[in-house]
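This report goes through one protein model, part by part. Please keep the sequence and the structure at hand while reading.

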Amino acid sequence: MTHHTEGCLRVGQPAPDFTATSVVDQEFKTIKLSDYRGKYVILFFYPLDFTFVCPTEITAFSDRYAEFQQINTEVLGVSVDSEFSHLAWIQSDRKSGGVGDLNYPLVSDLKKEISTAYNVLDPDAGVALRGLFIIDKEGIIQHSTINNLSFGRSVDETLRTLQAIQYVQSHPDEVCPAGWQPGDQTMVPDPVKSKTYFASV
């Protein structure tokens, strides 16, 4: 477990590694973040199993999982629940507030070490805020967002941000303007060459 001092985790830094128990296909499995090197990782935290906003996010990422898989990306969900709670939640039907079978692992952070390392632990509530990190294939954090407990995240925006990161990493001479979508024109970060972009919009 890599420990970071409070508040120093930033975009551009290596993602803190962790080894933890997760639930995958209704089985307990130990996973290590660094085992995903060579893939992009969407690492997202949520407060608790069996709550209200959480299942909508968890199932939305699962329903769209194939789109992430197609672009070399793994999704990992993390909360401070035990693996036994995760398993019970997965074994509960969506109609009764469960999440049903998921296409990606749910990670147990019972000792709150992972949420502490990523600076998303709410000390008053004792649960993780809705932190989301996009980690590139070298293990570097390229994007982070943190929502407060009562509102969820957008899978569409996560996917769009991931695609923009992948695009600029494979086209290092270009940058993606606001709201960029795959297929949109990009910009060359140069005072003269950027005029080509501005002239076209």
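## Surroundings of H86

H86 touches V23, Y46, D49, S79, D81, L106, V107 and S108, leaving aside residues up to four places away in sequence; a contact means heavy atoms within 4.5 Å. H86 counts as buried because its relative accessibility is 0%. Buried means under 20% relative accessible area, exposed means over 50%, and partly exposed lies in between, with a 1.4 Å probe and protein chains only.

This is a predicted model, in which local features need pLDDT of at least 70 and side-chain atom pairs count only at pLDDT 80 or more, while totals for chains, interfaces and linings use all residues. Residues are numbered from 1 along each chain as its sequence is written, and side-chain values use heavy atoms, with hydrogens and water left out.

H86 lies in helix α3, which spans residues 83–90. Helices (H or I, at least four residues) and strands (E, at least two) are DSSP runs, numbered from the N terminus. Helix α3 packs on the sheet and touches β1, β2, β4 (73–79) and β5 (106–108). The direction of α3 makes about 155° with that of β5; axes are lines fitted to C-alpha atoms, for helices over the stretch in contact, and angles run from 0 to 180 degrees between N-to-C directions.

Helix α5 (residues 155–170) lies across β3 (40–45), β4, β8 (130–135) and β9. This helix runs at about 150° to β3.

## The sheet

The sheet is open and has seven strands in the order β2-β1-β5-β4-β3-β8-β9, with mixed pairing. Two strands pair if DSSP finds at least two bridges between them. At the edges are β2 (27–32) and β9 (141–147), each of which pairs on one side only. From one strand to the next, the twist averages 25°.

Strand β1 (residues 19–24) pairs with β2 in the antiparallel sense over six bridges. V24 has E27 in β2 as its bridge partner.

## Strand β4

β4 pairs with β3 in the parallel sense over six bridges, and F45 stands opposite V78 in β4. β4 also pairs with β5 in the parallel sense, over three bridges. The bridge partner of G77 in β5 is L106.

Why is β4 largely enclosed by the rest of the structure? Seven of the seven residues of β4 are buried, so the strand is largely enclosed. Both faces are covered: T73, V75, G77 and S79 are buried on one side, and E74, L76 and V78 are buried on the other.
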